[in-house]
Amino acid sequence: MKFSIKGSLTIFLTIFSIFLVFLLNEDGEIPILFNLLTFAGIYGLAAIGLNVHFGLTGLLNFGHAAFMGFGAYVTVLLIPHAAGREGVVITTGLPFFLALLIGVISAALFGLLLGLPAIRLRGDYLAIVTIAAAEIFRLLVRDLESVTGGVYGIINFSSSLQQYRLGFIDNFASSNDLNPSQVFVAFLSWISIVLVLLLLRRLTNSPWGRALRAVREDEDAVRALGKNAVWLKLQSFMLGAGIAGLSGVLLAFNYGTIQVSTFVPILTFYVWAIMILGGVGSLTGPIFGSIIFWVIIGETNGIAQLIFENANGQQIAGVRFVLVGLLIMILMIFRPSGLMGKKEELLLDVK
Amino acid sequence: MIEQLGNGLLLGIIISVASVALSLLYGVTRIVNFAHGEIIALGAIATLFLSSPVDSRLLFLDRFSPLGNNFYISVIISVIFCGLLGGILEFFLFRPLRKAEVGNIAVLVVTIGLSLFLRHIYMLLNAKPQNFPLELQRRETYLFFDMTPRNFRVLILGIIVMVLIGLFLNYTRIGKAMRAVRDSNDLASVSGINSDNIILFTWISSSMLAGLAGVFQATINDVRYNMGFLILLLIFAGTVLGGIGTSFGAMVGGFIIGIVVNVSVGLPFMEGHTEAKNAVALAIMILILLFRPQGIFGEKERVS
């Protein structure tokens, strides 16, 4: 990897923002930092998936939360869990990694299902269809309470993953006063990022990746060369949806429970902000974007306290979402390529 | 079923007014405005703010009633205020973006950020659902439908607004100019139409219609900071169903969606799942896109 000025600057900014965490929090830096890295890893992975859609192929996906949720719900429902108001316990189930595989594949197939009607159409239609599909997903999850637990959610599924926890993670967690299961999820999410990035790097440098970029820039030319542009777009949509499914599973295991409120539209907008901040079309950008984003989010508490006296949870959330909205707007207006994106690669007027 | 049809007509008229506004804006500027819902909410919130004592966290005002709480004057001022916001947005945000030749997709993402920003400003102002300061009314029968006199007035007013929009677009100079810019910006410019002014005018009128739709919606339900976001997807469904960019199509599409949402509650497989009624309308929208992407009244153009 060549280190350009842009790359070094991004790494400097990332390190600086981590340093800020130490500066702004007088005690408990290690748990705060660790919490931040966990979320940064999971959301970074989701942003990498979104970047496959938007950065690589130019597909506007505003239903990312649904792909994450789909992967998470399928996986969790296949392993032993307890669901609903009464907490009906289901003790039988598949081993975790098989369930995870099925979950990720179903998220990808969900992408295929959504892509089929929408991907032939102009970009803005896809935006509407994906945001609508995410809403349908949310309504169905809430409504099918007998399966998904509805608003009561699903609990007690963590042990199928945590039984694989390695010894050194326990040691690390106990010496730093951290929750070992969260440490394990963080470990897994960063491992997944590395694996997904290696896979994507291979894919984007392959003929397939070049064809995909060509679709983004001039679909008619790709068609004229005899490539099936719609199928290429669908493949990219499935790939990104699968990555989103994986990050959704990690998010579920990080919380230890999932409810309807876990996968709401705001999650999608977080991932969008991270992707734009990190750099549209850049493979590694979302990771740095994610870390910086979560440092900002982590400090909204302080910002809210500046505006309101004794800000309550809702006010903090409000300030946070206002900031995310501003971040998306300002970045898109003044620096649409984010930290790591290349301007020449960014053809935002995709038809 | 008849009662649901009445509710459906009411929701239909709200979605119609809002869909026409969205469709008009899309037709003239090619912007899919995700912040449309927030302008809708602003209409309701401003009306509430002007017409009744409000409890706001950010402004610390216990009672603010310079207008003597007159509801109708509050509505008019709020609608004008929404138009003003639309004009400001066009003048300070979207016109510079257009001049810098920022792509439509980037502008779409900007409207998403704007929507998030405005919605949570409202949330910080007041997160609790509130009602307009109107007295309770008894339902009465009009033709086949049972509804309160106030809701019936909303229905009639909505229909009048639609007719006025239709007349405006077809018979006034500026309406014709709007349609000309919609059909071809370049040709309109050549014919001496100042497309910047037309776009500004479109933003203002679209926002005023959205604000009015918000007042309608809040009269029937209540005022919430996210009311616009909740109804936005149904508006998209109505617009897409009728054909995005068409005015007449958006009216009909909005009506159909409003009726579908309410009538679907009576469907056999929906028993006990009333919360999911919006899902039916959204699913119809996706199906329409699959089979007739230009919508019912849209002209066949290449949309891929």
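I shall speak about confidence, then one residue, then the interface.

This is a predicted model, in which local features need pLDDT of at least 70, side-chain atom pairs count only at pLDDT 80 or more, and totals for chains, interfaces and linings use all residues. Residues are numbered from 1 along each chain as its sequence is written, while chains are lettered from A and ligands numbered from 1 in the order in which they are written.

The model has an ipTM of 0.87 and a pTM of 0.90.

Let us turn to Trp203(B). It lies in helix α8 of chain B, residues 195-220; helices here are DSSP runs of H or I, at least four residues, numbered from the N terminus. Is Trp203(B) buried or exposed? Trp203(B) is buried because 27 other C-beta atoms lie within 10 Å, the cut-off for buried being 20 or more, with C-beta atoms placed from the backbone. Leaving aside residues up to four places away in sequence, Trp203(B) touches Leu25(B), Gly86(B), Gly87(B), Leu89(B) and Glu90(B); contact requires C-beta atoms, placed from the backbone, within 7 Å.

Finally, the interface. Here 38 residues of chain A are in contact with 36 residues of chain B. On the side of chain A that touches chain B, α4 (96-118), α5 (123-143) and α16 (313-334) each supply at least two residues. The largest share, 15 residues, comes from α5(A).

Technical notes. A residue is buried if 20 or more other C-beta atoms lie within 10 Å of its own, exposed if 12 or fewer, and partly exposed in between; C-beta atoms are placed from the backbone. Two residues are in contact if their C-beta atoms, placed from the backbone, lie within 7 Å.
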